[in-house]
Amino acid sequence: MLVTDKEFYRRVLHISIPIALQSLITIGINLLDTVMLGRLGETAISGSALANQFINVFQILCMGMGMGASVLVSRFYGMGDLNALRRAVTIMYRFCLAIAALFTAATLAAPEAILRIYTSEETVVREGAAYLEWMFPGYLLLGFSLTTTLTLRSVKKVAVPLLSSVGGFFLNVFFNYCLIFGKLGFPRLEVRGAALATMISRFFECAVICGYFWFAEKEVGYRLRHFLLRCGSLTREYFRVSFPVLVSDGLLALGNSAVAMVIGHMGESYVAANAITVVAQQLSTVLVQGVSQASAIITGHTLGEGDAEKAQRQGYTFFVMGAVLGAAAGGFIAAFSGVMIGFYDVSAATQEIARQLMYSIGIITFFLATNSILTKGVLRGGGDTRFLMVADILFLWVVSVPLGALAGLVWKLPAFWVYFLLKVDQVLKAVWCVRRLQSRKWIKAIQS
């Protein structure tokens, strides 16, 4: 039942390792931001963390647009239909522009109102608003970088995004050091400095990734003139496949924000503890993210070649990979949680909350890894996006968010149980998605 062909595993590694390394670099940037801002106190950590929750909503929406488009891009690439591929990319860019404009306008108009969604503590609101005010040009840069990166990965071009992330990492470290603390003649900007350093690195990454795709890449041959392509004949198919992805990832973004809202209203110590644990979870699942995206790309290519039976065997193989990687990630968190918490200069109460959150994350991560590879990878690559949208609505919004809110704000349960209930949808989706994989109903036809 499982794939035994060595070439398959070489393809998985060829795609997933650069993606995992790129994710690791991004996490390293977030870790350094958190550690450096931690030297300024818990208020600075909390403010920037909550500001980034709003930015993450935009980021996940872009990922949804990009992953939705990549389902089409991978399939058309497997079919050899480059004209349809370019039109899918054009539609993706147009939606990216619209959403970036919306988020930019909201940030310019009401940064403090945005932060008050997450917390009622005015000192945290002021720090977070200061961070957002310096980040408003970053939405368009981030949107184009993310969506273009996903397109390049779908056509097996993984080196340029990785190299751009390496350059962005070093720029971010340098300017964080200079601008947060006022070193080497730069002004001391504290939280604003962290935002400006992030902006500089994002500008660099966007210039490298988009510059390559729009002016140098030859296999797809996408150029600026293709922004004006007539895409009407493909728009309906794009919406059929991509809209459920956008809804699913949008619901995920709102779900993550709901988690942040619950934790934000539990106090500053909880916010700081959650900011610490987020980095640990991301570090433990970088390879999961790589294999997840690789599974979507390879599934799309296989189905584009017309081999549904091969795609089914690959699906089972990816599921087993997810279970193994999830167990390893949970073990990593259990083994190194104390070391990670020790990096931060925070109170004993915050450290205890962080430890409880780590224990809960270690359990949830096993299920999260399996779900990520199925929902964001195999099933999505098969075009089964409407089913995944229903799963997200049902388990996240009917079960997890209500239970988590009750646990944290009404029942006042310990941090371990608050987080577990906020993420219990991962456990429920694991069972449902495995049954969907077995049914073979996830393999959908796509028209160009």
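User: Is Glu 219 buried, partly exposed or exposed in this model?
Analyst: The model is a predicted one. Buried needs under 20% relative accessible area, and exposed needs over 50%. Glu 219 has 37% relative accessibility, so Glu 219 counts as partly exposed.

User: Which side chain meets Glu 219 in a salt bridge?
Analyst: A salt bridge here needs a side-chain nitrogen of Lys or Arg within 4 Å of a carboxyl oxygen of Asp or Glu. The N to O distance of this pair is 3.4 Å. The partner of Glu 219 is Lys 157.

User: How many residues apart are Glu 219 and Lys 157?
Analyst: Glu 219 lies in the loop between helix 8 and helix 9 (232-264). Lys 157 lies in the loop between helix 6 and helix 7. The pair links distant parts of the chain, and the two residues are 62 residues apart.

User: What is the relative accessible area of Lys 157?
Analyst: Lys 157 is the salt-bridge partner of Glu 219. Lys 157 is partly exposed, because its relative accessible area is 23%.

User: What is the phi of Lys 156, in the loop between helix 6 and helix 7?
Analyst: Most residues other than glycine have a negative phi. Lys 156 has a positive value and is not a glycine. Its relative accessible area is 39%, so Lys 156 is partly exposed. The phi of Lys 156 is near 70 degrees.

User: Where does Leu 184 lie?
Analyst: Leu 184 is not a glycine, yet its phi is positive, about 55 degrees. With a relative accessible area of 61%, Leu 184 is exposed. Leu 184 lies in the loop between helix 7 and helix 8 (191-215).

User: Which residue does Arg 440 meet in a salt bridge?
Analyst: Arg 440 sits in the segment after helix 16 (425-439), and its partner sits in helix 12, 131 residues apart. Arg 440 has 40% relative accessibility and therefore counts as partly exposed. The side chains meet at 3.1 Å, N to O, and the partner is Glu 309.

User: Is Asp 384 buried or exposed?
Analyst: Asp 384 is in the loop between helix 13 (348-381) and helix 14 (385-410). Its relative accessible area is 2%, and the limit for buried is under 20%. Asp 384 is therefore buried.

User: What is the N to O distance in the salt bridge of Asp 384 and Arg 436?
Analyst: Arg 436 is in helix 16, 52 residues apart from Asp 384. At 15% relative accessibility, Arg 436 counts as buried. The side chains of Asp 384 and Arg 436 meet at 2.8 Å.

User: How many salt bridges does the count come to?
Analyst: The pair of Asp 384 and Arg 436 is a salt bridge. Elsewhere, salt bridges that share partners join Glu 112, Arg 116 and Glu 122 into one network. The count comes to 10 salt bridges.

User: How many charged residues are in the contact of helix 2 with helix 5?
Analyst: Helix 2 passes helix 5 in a right-handed crossing. Among the residues that meet are Phe 54 and Ile 55 in helix 2, and Tyr 131 and Leu 132 in helix 5. By class, the contact has eight nonpolar and seven polar residues, and the charged count is one.

User: At what angle do helix 10 and helix 13 cross?
Analyst: The crossing of helix 10 and helix 13 is right-handed. The contact includes Tyr 270 and Ser 284 of helix 10, and Met 358 and Leu 368 of helix 13. By class, this contact has 10 nonpolar, seven polar and no charged residues. The axes come within 9 Å and cross at roughly 35 degrees.

User: How far apart in space are Gly 331 and Ser 284?
Analyst: Gly 331 is in helix 12 (residues 308-342). Its relative accessible area is 38%, so Gly 331 is partly exposed. In sequence, Gly 331 and Ser 284 are 47 residues apart. In space, C-alpha to C-alpha, they are 8.9 Å apart.

Technical notes: Residues are numbered from 1 along each chain as its sequence is written. This is a predicted model: local features need pLDDT of at least 70, side-chain atom pairs count only at pLDDT 80 or more; totals for chains, interfaces and linings use all residues. Side-chain values use heavy atoms; hydrogens and water are left out. A crossing is left-handed if the near helix is turned anticlockwise from the far one by less than a right angle, and right-handed if clockwise. Helices (H or I, at least four residues) and strands (E, at least two) are DSSP runs, numbered from the N terminus. Contact means heavy atoms within 4.5 Å. Ala, Val, Leu, Ile, Met, Phe, Trp, Tyr, Cys and Pro count as nonpolar, Asp, Glu, Lys and Arg as charged, and the others, Gly among them, as polar. Buried means under 20% relative accessible area, exposed over 50%, partly exposed in between (1.4 Å probe, protein chains only). Axes are lines fitted to C-alpha atoms, for helices over the stretch in contact, and angles run from 0 to 180 degrees between N-to-C directions.
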